[in-house]
Amino acid sequence: MAEKYILAIDSGTTSSRAIVFNHSGRSVGVHQLEHEQIFPRAGWVEHDPQEIWTRTIQVIDGALINAGITKDDLAAIGVTNQRETTVVWDKNTGQPVYNAIVWQDTRTQKIIEELGQGDQNKYQARVGLPLATYFCGPKVKWILDNVAGARASAEAGNLIMGTIDTWLIWNLTGGVDGGIHITDVTNASRTMLMDLQTLNWDLSIAADMTIPASMLPKIVSSSEQYGLVKTPSVAGVPIAGDLGDQQAATFGQACFEPGTAKNTYGTGCFMLMNTGTQPVLSKNGLLTTLCYKIGSSPAVYALEGSIAVTGSLIQWLRDNLKLIETAPDVEELALSVEDNGGCYFVPAFSGLFAPYWRGDARGAIVGLTRYVNRGHLARAALEATAYQTREVLDAMEADSGVKLAGLKVDGGMTANQTLMQFQADMVGVPVIRPVVAETTALGAAYAAGIAVGYWSGEQDVIDNWAEDVRWTPQLDPTESGRLYRNWKKAVSKTFDWVDEDVKE
């Protein structure tokens, strides 16, 4: 019998990627394409959903070609996606009524304030999340309130909504011709609309946000056969895995025991700690989220620290300041100096996420003197990722009562040796990267493969995981403490920037 493979679709914030994995969890073919970042106004971030759909088909075809296989060699397809990014579309025409509003977007701040009436944790006990611009529900309300004809069409039952996984699965399974309208528990838990205990939509919160229940997708597990693809190049292959990108990476990193954690370094940084089959509500600015649900097995929960801007800060240095030509160049520039020269860069471009949740914050570079040069700026930009991760780790240990013995890491920025060493210095525990560093797509592949019997279960994931590089702390704790203390001081300078006098 010919060898079979699993195809993972990884629809990220800046690009779409498809990867073909073999039974050992190794990539045998990959294709990746960027999509446009749309910034209509300060604080607004959008994507074109149709472009993302087109890119998805292109990367699927490219990955199959690069792997030298056809759809007949695939056992299943898994999907993982940038979470919270929200699409509203007409189920009869398949046309979005507006661009996708990206998770980084801050336009819903006034909606958040009106919903909360001074209580940021109004819904936390039910959904595990603070009221923040990050999440989907308020984005849907904004579209219905601001796009001509959208509310009337939604109330007539013509509009449906979803995160990017929902948009892609609906299109892959036929779109207007019988497309399946679903989302998994991990993505649903990022809408601010799903009850953590029942795993059903909380219709009273949807009513608060004036979102018709008819718009909401069916909530399913992260690993089951949802339906068959109708798109020609992969027609007939079952879609069987669906997780938000950070939960997919947690699964791919084999974080199956309560207390195990991983940090993914991408556009933003996202640390998740498995807390087992009961949700743990945070008292320290973290999110309570679904980690995964495999078929009919009990749901597993996680604490999450979400950082809005890490890798995208390096892109900003490249694209906006023209400080570097390519993102990897930042490491060489940072190594041209011995330290940060007293310079700290707080990239609150979308406000501050965990553990602060300050929508009024904006980015700041502090500690500037005439001594500071472009190398110091590059170093400060890299160090910002490590400092923000330390803040999240401190909160996670306080909430969980668990002291991490090591931090598993993945994502594109883990190729930066300077950053990873400084990260180990800052958190004071070993930082460990696996052989397959892009574990987001791998986690989605595992979920799909387990659903169709390609892998037997979590033990196969554990057996396939292998350590590649380990960075151990080398900086004197007194010095790391001094740097971190100054970072906290720098963060405080970003608060209260957006007010009535600042036009967004």
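Trp103, Tyr134, Phe135, Phe270, Phe353 and Trp357 form one aromatic cluster, where rings of Phe, Tyr and Trp (its six-membered ring) pair if their centres lie within 6.5 Å. The model is predicted, so local features need pLDDT of at least 70 and side-chain atom pairs count only at pLDDT 80 or more, while totals for chains, interfaces and linings use all residues. Residues are numbered from 1 along each chain as its sequence is written, and side-chain values use heavy atoms, with hydrogens and water left out.

**Aromatic rings and charges**

- A search of the whole structure finds 25 aromatic pairs.
- Phe251 and Phe256 make an edge-to-face pair, because their ring centres are 5.0 Å apart and their planes stand at 70°; planes under 30 degrees apart count as stacked, over 60 as edge-to-face and the rest as tilted.
- Phe251 is buried at 0% relative accessibility, and Phe256 is buried at 9%; buried means under 20% relative accessible area, exposed over 50%, partly exposed in between (1.4 Å probe, protein chains only).
- Arg107 lies over the face of Trp44, 3.8 Å from the ring centre; a charge sits over a ring if NZ of Lys or CZ of Arg is within 6 Å of the ring centre and within 35 degrees of the ring normal.
- The charged end of Lys408 sits over the ring of Trp465, at 4.4 Å from its centre.

**Helix H13 and Gln423**

- Helix H13 covers residues 417-427 and contains Gln423; helices (H or I, at least four residues) and strands (E, at least two) are DSSP runs, numbered from the N terminus.
- Ten of the eleven residues of H13 are buried, so the helix is largely enclosed by the rest of the structure.
- The buried residues of H13 include Leu419, Phe422, Asp425 and Met426.
- At the start of H13, a side-chain oxygen of Asn416 comes to within 3.2 Å of the backbone nitrogen of Thr418.
- Gly428 follows H13 and has a positive phi, near 75°.
- Gln423 is buried, with a relative accessible area of 0%.
- Not counting residues up to four places away in sequence, Gln423 touches Tyr265, Thr385, Ala386, Thr389, Arg390 and Val431, contact meaning heavy atoms within 4.5 Å.

**The seven-stranded sheet**

- An open sheet of seven strands runs in the order E15-E16-E14-E13-E19-E20-E21, with mixed pairing; two strands pair if DSSP finds at least two bridges between them.
- Strands E15 (287-292) and E21 (467-471) stand at the edges with a single partner strand each, so one side of each is left without a neighbour in the sheet.
- Strand E20 (residues 431-434) and E21 run antiparallel and are joined by four bridges.
- Ile432 has Arg470 as its bridge partner in E21.

**Strand E5 and its partners**

- Seven of the eight residues of strand E5 (residues 74-81) are buried, so the strand is largely enclosed by the rest of the structure.
- Strand E1 (residues 5-11) pairs with E5 in the parallel sense over seven bridges, and Ile6 stands opposite Ala76 in E5.
- Strand E12 (residues 238-244) runs parallel to E5, joined by five bridges, and Thr80 has Leu243 as its bridge partner in E12.

Conventions
A polar contact is a pair of N or O atoms within 3.5 Å; within protein, one must be able to donate a hydrogen and the other to accept it, and residues adjacent in sequence count only if both atoms are side-chain atoms.
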